[in-house]
Amino acid sequence: MQQYQFEKIFSQMEKEFGKIQRGDEDFHTMMIYPIESNLLKTYRRYPASNTRRLLEAIALVLFDIRSKYTGESFDLSNFRNEDNARLEHAILMAFDPFTNEELRSQIADRYDLTDAKTLHDFYEEPVICLLRIKESVDDWIRRMGSNGYFEFAEQYIGPNVIGDQMTYSYLEDADE
């Protein structure tokens, strides 16, 4: 896979899932906050897993998600490294039942995790939140430099992010 194809995942997933409009982020806090707090915890522990590596990690996660509901496999070995893999794991711990066993045990009786459509629908909220976080990362890089996102996150949510245990989001079905 070429760099262009790797980076194209953002526009492909936005076309497929849509995106969060600016100003509507509050409606998605239950997903965004666990992702961002896991990222900040990881960055604090491993500063080399910085804002630049975060852009790569988001793309890796989007490929991870796509492979789960399509069955496709992607050779991402040229793009994955220790620094972005830590961030990739932190993101996935926030919502992915294949990464987070505790979450899986809580939802196993509610979702058929072998069904492609169920998985597609399950990942809709995380995908649109990741695309919004990616926009934020791009914006903070422009405003504050190469590590702008984590500098901003530390100021904005840092005081509320304590410990180093990964958190996750468990969203109830809207019709319940």
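## Salt bridges

The structure holds 16 salt bridges, a salt bridge being a side-chain nitrogen of Lys or Arg within 4 Å of a carboxyl oxygen of Asp or Glu. This is a predicted model, in which local features need pLDDT of at least 70 and side-chain atom pairs count only at pLDDT 80 or more, while totals for chains, interfaces and linings use all residues. Residues are numbered from 1 along each chain as its sequence is written, and side-chain values use heavy atoms, with hydrogens and water left out.

Glu 56 pairs with Arg 53, the closest N and O atoms being 2.7 Å apart. Both belong to helix H4 (residues 51-70), and their spacing of 3 residues is about one helical turn; helices are DSSP runs of H or I of at least four residues, numbered from the N terminus. Lys 68 and Asp 96 form a salt bridge at 2.9 Å, N to O. Lys 68 lies in helix H4 and Asp 96 in the loop between helix H5 (82-93) and H6, so this pair ties together parts that are 28 residues apart in sequence. Asp 96 is buried at 0% relative accessible area, whereas Lys 68 is partly exposed at 24% (buried means under 20%, exposed over 50%, partly exposed in between, with a 1.4 Å probe and protein chains only).

Arg 132 and Glu 135 meet in a salt bridge at 3.8 Å, N to O. Both lie in helix H8, 3 residues apart, and Arg 132 is buried at 10% relative accessible area.

## Largest pocket

The largest pocket has a volume of about 450 Å³. Its lining has 16 residues, with Glu 25, Ile 32, Glu 36, Phe 152 and Tyr 156 nearest the centre. A pocket here is an open set of points on a 1 Å grid over the protein atoms alone, where a 1.4 Å probe fits, with protein on both sides within 12 Å along at least five of seven lines; lining residues have an atom within 4 Å of a point. Grid points are joined across faces, edges and corners, and the volume is the space filled by probe spheres set on them.

Helix H8 (124-144) gives the most to this lining, with 6 residues.

## Asp 164

Asp 164 lies in the segment after helix H9 (148-156) and is exposed, at 52% relative accessibility. Asp 164 and Arg 45 are 119 residues apart in sequence but 8.3 Å apart in space, C-alpha to C-alpha.

Conventions:
Helices (H or I, at least four residues) and strands (E, at least two) are DSSP runs, numbered from the N terminus.
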